[in-house]
Amino acid sequence: MSATEKPVPVGNPCVPSPCGPNSQCRVIGNTPACSCLQNYIGRAPNCRPECTINSECPSNRACQNERCVDPCPGSCGAFADCVVITHRSLLNLSKNKEIPVTLHHVELTLFVKNETMSALAFVYRNISGILILVVVQNA
């Protein structure tokens, strides 16, 4: 072999992997081809989860298990209307449906924008065991 000839690569070009974390390497010809693992986004070597915090998702989604998902399923009850506001699932009481059985209620005095108002607060436990606080302003 002369000094100008390049040696033919021997072995698997993906070992060790040149692709970086959260990626996979495939051999195409004698060349490594990198791509992100399923459920990761970006381009190798910069593959990352879809999200790690809520603010990386649209406001009608929440970051759960590194994915932007609808947080409503299972959070408000089987027959409840659920809405998502700023990444949180909330029980929608605007449709006058029956709501879950009240566990507790308390009278509150709220201070909103330097005004005092009286209100009732209802605490519910949904089917997932999550406590939900609903505050209703007295008319």
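Q: What is the torsion about the S-S bond of Cys-14 and Cys-25, and is the disulfide left-handed or right-handed?
A: A disulfide is taken here as a pair of cysteine sulfur atoms within 2.5 Å. For Cys-14 and Cys-25 the torsion about the S-S bond is about -70°, so the disulfide is left-handed. Cys-14 lies in the segment before strand S1 (23-28) and Cys-25 in strand S1, so the pair ties together parts that are 11 residues apart in sequence. The two sulfur atoms stand 1.9 Å apart.

Q: On what basis are such values given?
A: The structure is a predicted model, in which local features need pLDDT of at least 70 and side-chain atom pairs count only at pLDDT 80 or more, while totals for chains, interfaces and linings use all residues. Residues are numbered from 1 along each chain as its sequence is written, and side-chain values use heavy atoms, with hydrogens and water left out.

Q: Is Cys-14 buried or exposed, and what is the relative accessible area of Cys-25?
A: A residue is called buried under 20% relative accessible area, exposed over 50%, and partly exposed in between (1.4 Å probe, protein chains only). Cys-14, at 10% relative accessibility, counts as buried. Cys-25 has a relative accessible area of 22% and is partly exposed.

Q: How many disulfides does the distance rule give?
A: The count comes to five disulfides. Among them is the bond between Cys-19 and Cys-34, with sulfur atoms 2.0 Å apart. The torsion about this S-S bond of Cys-19 and Cys-34 is about -75°, so the disulfide is left-handed. Cys-19 lies in the segment before S1 and Cys-34 in strand S2 (residues 31-36), so the pair ties together parts that are 15 residues apart in sequence. Cys-19 is buried, with a relative accessible area of 1%, while Cys-34 counts as partly exposed at 36%.

Q: What is the torsion about the S-S bond of Cys-51 and Cys-63?
A: The disulfide joining Cys-51 to Cys-63 has an S to S distance of 2.2 Å. Its torsion is about 95°, so the disulfide of Cys-51 and Cys-63 is right-handed. Cys-51 lies in the loop between strand S4 (48-49) and strand S5 (62-64), and Cys-63 in strand S5, so the pair ties together parts that are 12 residues apart in sequence. Both Cys-51 and Cys-63 are buried.

Q: How many helices and strands does the protein have?
A: Helices (H or I, at least four residues) and strands (E, at least two) are DSSP runs, numbered from the N terminus. The protein has zero helices and 11 strands.

Q: In what sense do strands S7 and S8 pair?
A: Two strands pair if DSSP finds at least two bridges between them. Strand S7 (residues 82-85) and strand S8 (residues 88-91) have four bridges, in the antiparallel sense. Val-83 has Leu-90 in S8 as its bridge partner. The hairpin of S7 and S8 has two residues between the strands, and Thr-86 takes a positive phi near 45° there.

Q: What percentage of the residues of the protein count as buried?
A: Of 139 residues, 19% count as buried.

Q: Where does pLDDT stay under 50?
A: pLDDT is the predictor's confidence in each residue, from 0 to 100. The protein averages 76, and 55% of the residues score at least 70. Residues 101-105 stay under 50. For this stretch the model has 14 contacts beyond four places in sequence, a contact being heavy atoms within 4.5 Å. Where pLDDT is low, the predicted coordinates should not be read in detail.
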